[in-house]
Amino acid sequence: MASPWNCILLDIEGTTSSVSFVYDVMFPFVLRELDNYLECAWNAPELSPVLDQIAQDAGHQSFLAWTADLTDESSRRERVASEIRRLMADDVKATGLKQLQGMIWKDGFERGELVAQVYQDVPEALEAWTSAGLRVYIYSSGSIAAQKLFFGHSEAGNLLPYFSGHFDTTTGPKKETQSYLTIAAEIGEAGEKVLFISDVTAELDAAREAGMETRLSIRPGNKPVEEGHGHEPIASFSQVSLG
Ligand SMILES: CSCCC(=O)C(=O)COP(=O)(O)O
Ligand SMILES: [Mg+2]
């Protein structure tokens, strides 16, 4: 029997990988490296648009406007660092924060200090789904650059060849229906031909509103969800039936 979907769209934290790996390994790495990274990369051209994005996320027009009251470079760096620490303490999924985190993780993944945790059923499912002709995409709050580092350096090896594309919050917030409509349009599929898997019911609600099929990812350490959400739960990708 043919699969009811042409594509599978995956969340990362709580879905392909544990919440604990993100909170206990990846986030502490950022907090440890933040000051040093900002000092070393301060004049790097790739940092400038990210600083503007962090300023815009905080309600300012640009990084220059946000720091116009500061006269020296180290005070400007400290303003960025304290904003990053504040956003991370509140677990805000802001685009600029996520872009900066990705830049800080780069070195950790490339020199092998960070190796992404993925559940055992994930590589097997990616192989089975793509062999059956399905296309698999990622939609995460983590930046696209961070997603590529993550799956390119996983404990199951380089999983990037399994993915047909990546989406992050530059497409839109994960709890808004429009984001899923945009993704469906970009991948050229009707909503009902896409299965979205996530651990967050508000994300699944938004995807369902856009016509997508949904599954609720239940993994060890995920936050408990309220009853009555109506999304079919799965504890492993092996429970996704292709028909
Ligand atoms: C490369 S993903 C890093 C994890 C992360 O920062 C994050 O916010 C994950 O959120 P998700 O949308 O995948 O639950
Ligand atoms: Mg998640």
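The legends below describe close-up views of a predicted model.

**View 1. Helix α9 and its packing partners.**
Helix α9 spans residues 201-209, and its buried residues are T201, E203, L204, A206 and A207. An α-helix has 3.6 residues a turn, so residues three or four places apart point the same way. The buried residues of α9 pack against helix α8 (177-187) and against β4 (194-198) and β5 (213-217). Just after α9, G211 has a positive phi of about 95°.

**View 2. The aromatic pair Y137 and F167.**
The structure contains 12 aromatic pairs. In the pair of Y137 and F167, the ring centres are 6.1 Å apart and the planes meet at 45°; the pair is therefore tilted, as it falls between the limits of 30 and 60 degrees. Y137 belongs to strand β2 (residues 135-139) and F167 to strand β3 (residues 163-167), so that the pair links distant parts of the chain, 30 residues apart. Both Y137 and F167 are buried.

**View 3. The aromatic pair Y180 and F196.**
Y180 and F196 form a tilted pair, with 5.2 Å from centre to centre and 55° between the planes. Because Y180 lies in helix α8 and F196 in strand β4, the pair ties together parts that are 16 residues apart in sequence. Y180 is buried, with a relative accessible area of 0%, and F196 is buried with a relative accessible area of 0%.

**View 4. An aromatic cluster.**
F21, F109, F150, F151 and F163 are linked into a cluster by ring pairs.

**View 5. Charged side chains over rings.**
K174 lies over the face of Y139, 5.6 Å from the ring centre. The charged end of R219 is placed over the ring of F237, at 5.1 Å from its centre.

Methods. Residues are numbered from 1 along each chain as its sequence is written. Chains are lettered from A and ligands numbered from 1 in the order in which they are written. This is a predicted model: local features need pLDDT of at least 70, side-chain atom pairs count only at pLDDT 80 or more; totals for chains, interfaces and linings use all residues. Side-chain values use heavy atoms; hydrogens and water are left out. Buried means under 20% relative accessible area, exposed over 50%, partly exposed in between (1.4 Å probe, protein chains only). Helices (H or I, at least four residues) and strands (E, at least two) are DSSP runs, numbered from the N terminus. Contact means heavy atoms within 4.5 Å. Rings of Phe, Tyr and Trp (its six-membered ring) pair if their centres lie within 6.5 Å; planes under 30 degrees apart count as stacked, over 60 as edge-to-face and the rest as tilted. A charge sits over a ring if NZ of Lys or CZ of Arg is within 6 Å of the ring centre and within 35 degrees of the ring normal.
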